Structures are given as C-alpha cells and as structure tokens.
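User: Hi! Could you walk me through the salt bridges in this one?
Analyst: Happy to, let's have a look together.

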Amino acid sequence: ETHLFETAIALFREGGYEATTLRSIAAQAGVSVGLLYRYFPNKRAVVLALYTRLTDAFVVGVALESGPWRTRVLSALRESLAVLGPYRPCLRALVPTLVSAEGQGVLSTETGFSRDRVAEVFVRAVVGAEDAPLGELGAALGRLCYTAHLSLILWWLLDQSSAQRATEALLSRIEALLPMATLTLGLPGVSSQVLSVDTLVGEALFGLPPSQTDL
C-alpha cells in the first residue's frame with residue numbers, strides 16, 4: 001500500500017492530478033489495476049489518504065509547551081509547515097483540487113475529519129495557554145487561528161521566493177504582531193467581534209448552521 005501511495009503522489013507531482021490515471025499509477029508501480037483498486041478505488045482515495053497521513057503527523061508531532069497562546073499558536077504554525085514541507089511539490093500540483101468543492105477538496109465533507117483534528121490543535125493551543133482568554137472566547141480565537149493557518153498554507157504553496165523566504169518573513173511578521181493581538185482582545189467590543197467572526201468560520205469551514213444573531 002505504501003508503495004502504491006508514494007507512486008501516486010509522485011505522479012501527481014510530476015503530471016498533475018487530472019492527467020494522472022489509475023492505470024498510469026498501476027503501471028508505474030508495477031502492479032495490476034485490480035490490485036490498485038483494492039487499496040485505492042479512485043484518485044480521490046489517494047488524496048484522502050494524503051490528508052490523513054499529514055494530519056496524523058501534525059497532531060502527533062506538534063508540541064504545545066507551556067506559555068502564552070501566541071507562542072503556542074506560532075509553534076503549531078511552524079510544525080504544520082514542517083510536516084507539509086516534504087510534500088510541497090505534490091501539494092502545489094494539487095492546489096486546484098485542494099480548493100475544489102468536490103469530495104477531495106480541503107473544505108469538502110469527506111475531509112472534515114482532518115479539518116476538525118487540525119482545528120482542535122489550534123483551539124488547544126489557545127485554551128491551554130497560561131494567558132488563555134476566558135469563556136468561549138478562547139475556543140473562538142483558536143478557530144480563527146486555524147483559519148489563518150489555512151491562509152498561511154496557501155501563501156506557502158504559492159510562494160515563489162527562494163526557499164520560500166517570503167513565508168519565513170511572513171511568520172516573523174506574525175510573531176511580531178501577535179503580542180498586539182493579545183492586547184487588542186482587552187479592548188471594548190473586540191471580544192464580541194471575535195465571537196461573531198467565529199460563527200461565520202463555523203458556517204463556512206465546518207458546515208454549522210448560521211447564527212440568528214448574524215442575520
């Protein structure tokens with residue numbers, strides 16, 4: 001199975017998702033199409049397997065040490081890019097598929113298991129911090145950090161700078177701005193706005209029903 005998976009990923013990287021067929025994967029792997037079907041009945045199954053492997057590696061590898069939420073969130077962001085790094089050429093080739101509304105897309109129903117697990121890491125990064133915001137604000141902030149994480153991954157995939165220097169520079173800017181974000185949470189009205197945006201995130205990314213207060 002691992003050989004078949006790695007062969008498929010290599011072909012996605014070299015020729016793109018649409019141009020790669022199950023027959024070409026089987027031929028490259030030196031197995032029959034029938035054997036390939038036993039493990040991966042379609043290309044979507046390969047992409048879902050990729051999501052699962054990357055999610056597992058991230059959840060197991062992330063280390064949320066004690067400290068302020070901004071430090072813990074930044075650690076999760078860096079661990080995510082470290083896990084994805086070896087697969088960047090393949091993920092770049094899969095960008096149209098990743099943002100698709102079809103079953104293999106990042107925001108599709110079938111990938112919800114991976115989305116929920118990764119989002120939970122960012123929620124834990126905030127609510128388990130020594131300066132965690134009180135009440136439901138902590139979880140809401142964690143989900144917003146997860147949303148920012150998705151944007152960072154897209155930036156990283158599209159980054160054409162040498163060795164993705166622009167992504168590292170962006171992370172440095174984020175690190176410099178996060179202390180101000182902590183202070184901003186204490187300003188009047190900010191908490192309610194964070195909670196309001198969180199309801200939109202839930203509707204857009206997690207398929208939750210819209211909040212009546214936002215209608």
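Analyst: A salt bridge here is a side-chain nitrogen of Lys or Arg within 4 Å of a carboxyl oxygen of Asp or Glu. Keep in mind that this is a predicted model.

User: Great, how many salt bridges are there by this rule?
Analyst: The count is 4.

User: What is the N to O distance for E14 and R13?
Analyst: Their side chains come to 3.9 Å, N to O. That pair counts as a salt bridge because the cut-off is within 4 Å.

User: And is E14 buried or exposed?
Analyst: E14 is exposed, because its relative accessibility is 62% and the exposed class begins over 50%.

User: Switching topic: which residue does R117 pair with?
Analyst: R117 bridges to D56, with the closest N and O atoms 2.5 Å apart. This pair connects distant parts of the chain, 61 residues apart: R117 sits in helix α8 (residues 112-127) and D56 in helix α4 (residues 43-61).

User: How accessible are R117 and D56?
Analyst: R117 is partly exposed at 34% relative accessible area, and D56 is also partly exposed, at 31%.

User: Is E168 buried, exposed or partly exposed?
Analyst: E168 is partly exposed, with 38% relative accessible area. R78 is partly exposed as well, at 31%.

How values were computed: Residues are numbered from 1 along each chain as its sequence is written. This is a predicted model: local features need pLDDT of at least 70, side-chain atom pairs count only at pLDDT 80 or more; totals for chains, interfaces and linings use all residues. Side-chain values use heavy atoms; hydrogens and water are left out. Buried means under 20% relative accessible area, exposed over 50%, partly exposed in between (1.4 Å probe, protein chains only). Helices (H or I, at least four residues) and strands (E, at least two) are DSSP runs, numbered from the N terminus.
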